[in-house]
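Reader: Hey, I'm new to this one. Can you walk me through a few of its residues?

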Amino acid sequence: SASPGDDLTQLQIALAQLWARDDFVTDTVLAYDTTNFYTYIDSKNERCELARRGHNKQGRHDLRQVGLAYAMDGNSGMGLFHHTYPGNRTDAEEFVVSLPLMLEVLAGSGISPSAVTLVFDKGASGMLTTVELEDSGLGWISALPWSQAPKEMREVPVEQMQCCSSALPGIRVKKGEALVHGRPATCVVMHSSVFESEQLHSLMANVSKACSKLRALARALSKSRRKSARETVEKSIAAILAAQWLDRLIATELEGSKEQGWSLQFSVDNTALTELLTHRLGKTVLATSRADWSAERVASAYHGQAAIERQFRSMKEGEGSSWGPMFAWTDSKIRVHSFYCMLGLSLVNWLHRRTRDAHIDMSVEHMLEQLDGLQEIVLLYPSSTPGPKPTAKVDTRESLDQIQLIKTLGLDRLHGRHSG
């Protein structure tokens with residue numbers, strides 16, 4: 001893993017200085033998140049300490065994985081810090097390791113910690129994280145795991161929350177003071193109608209699947225001649241109801257005995273569903289050190305943290321600055337691979353910022369697709385004389401979006417490229 005003063009850390013400092021000098025760092029809000037990437041490194045390779053087995057976010061628990069922590073400017077998307085770490089380390093453990101490295105990069109680039117607000121998700125939240133942040137001088141905004149969120153904030157009715165401005169459509173917020181990890185903190189409870197609808201859609205899909213599986217299990221139990229122990233049947237039911245909230249929403253009743261057979265009945269608890277809709281779905285509780293910020297400003301800063309998750313997703317799906325394939329199996333080479341992947345991600349975001357500044361409304365994915373379609377064809381003509389063959393260069397036909405990108409990004413300066 002990286003250590004203060006090594007070459008890659010110094011390169012990160014140099015890049016952060018460049019972004020700050022050229023005003024690419026336009027916001028003092030830094031979005032921080034972690035992810036992991038599975039590898040095909042042999043399990044018997046003992047030289048690699050970064051690739052370890054752990055909870056893989058892509059579901060490949062059978063493979064060794066590498067962890068990546070990343071912090072970027074909340075507005076421009078320029079990467080200011082990244083750290084490659086062993087794949088068996090938890091998000092909370094990694095945060096404590098990454099924080100001093102991040103502070104070194106900020107100090108080297110001339111950015112004061114007190115002017116920075118670090119935004120991170122619930123995975124890194126915890127008492128040790130809070131203590132480390134207070135000692136660092138950084139401002140911070142953290143999403144809290146529901147079990148750690150203060151009860152008085154969790155139970156705020158949606159009707160008592162204030163609607164945000166048009167910049168945050170469908171979001172309501174309410175600010176308050178409460179104890180978080182044993183310390184007084186400013187909290188903001190946020191309700192998102194979009195988030196609520198997504199959770200409800202996923203929940204009802206899981207309820208439908210679980211009911212179908214329970215019905216199949218009930219029929220199998222009624223027809224089976226094999227005598228199963230009660231514990232075995234209850235384990236099957238628990239596995240069906242393993243998804244979030246299902247054990248609260250679906251009530252089951254198992255009657256009978258091992259000798260006489262089993263009868264399984266189930267039903268959806270509408271009262272529990274109403275309780276979820278009223279007090280849980282769509283809500284997120286935030287804690288922050290920025291007591292002077294409005295509730296909407298805190299929510300807006302956290303809302304921008306979703307951009308880093310989208311970038312991680314695009315890297316794993318092979319879009320833009322893709323992570324794979326990674327042809328490296330030693331720690332030093334893996335760290336170099338991480339560096340140029342994150343540098344590529346920053347350059348993509350820089351290009352996208354150029355298009356936004358020119359009032360061109362297109363997503364990163366669409367921009368990259370249009371740029372990929374720009375091609376130059378070299379025609380070779382036969383010649384009866386010795387020497388190089390005559391050539392002609394022809395550009396592919398350009399769409400309106402491509403013409404805009406050529407002018408905005410200065411691609412018309414390339415040889416043979418004509419716009420219009």
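Predicted model: local features only at pLDDT ≥ 70, side-chain atom pairs only at ≥ 80, totals over all residues.

Reader: Okay, so where does arginine 183 fall, buried, exposed or partly exposed?

Author: Arginine 183 has a relative accessible area of 32%, so it is partly exposed.

Reader: And what does the side chain of arginine 183 meet in a salt bridge?

Author: That would be glutamate 134, at 2.6 Å from N to O. The two belong to distant parts of the chain: arginine 183 is in strand β8 (residues 183–192) and glutamate 134 is in helix α3 (residues 127–136), 49 residues apart. Glutamate 134 has 41% relative accessibility, so this residue counts as partly exposed too.

Reader: How many salt bridges turn up in the whole structure?

Author: A search finds seven. One of them joins aspartate 91 to lysine 57, with the closest N and O atoms 3.9 Å apart. This pair also links distant parts of the chain, since aspartate 91 sits in helix α2 (residues 91–108) and lysine 57 in the loop between β1 and β2, 34 residues apart.

Reader: How accessible is aspartate 91? And lysine 57?

Author: Aspartate 91 is at 22%, which makes it partly exposed. Lysine 57 is at 41%, so it is partly exposed as well.

Reader: Which salt bridge does aspartate 357 make?

Author: The side chain of aspartate 357 meets that of arginine 353, at 3.7 Å from N to O. Both residues lie in helix α11 (residues 331–357), four residues apart, or about one turn of the helix.

Reader: New topic: where is threonine 39?

Author: Threonine 39 is in the loop between β1 (29–38) and β2 (65–73). With a relative accessible area of 5%, threonine 39 is buried.

Reader: What does threonine 39 touch, then?

Author: Leaving aside residues up to four places away in sequence, threonine 39 touches Ala51, Leu63, Arg64, Gln65, Val66 and Met326.

Reader: And what does its side chain reach at 3.4 Å?

Author: The backbone nitrogen of isoleucine 41 is what the threonine 39 side chain reaches at that distance.

Note on methods:
Residues numbered from 1 in each chain as written. Heavy atoms only, no water. Buried < 20%, exposed > 50% of the residue type's maximum accessible area, 1.4 Å probe, protein only. Polar contact = N/O pair within 3.5 Å; in protein donor to acceptor, adjacent residues only side chain to side chain. Contact = heavy atoms within 4.5 Å. Salt bridge = Lys/Arg side-chain N within 4 Å of Asp/Glu carboxyl O.
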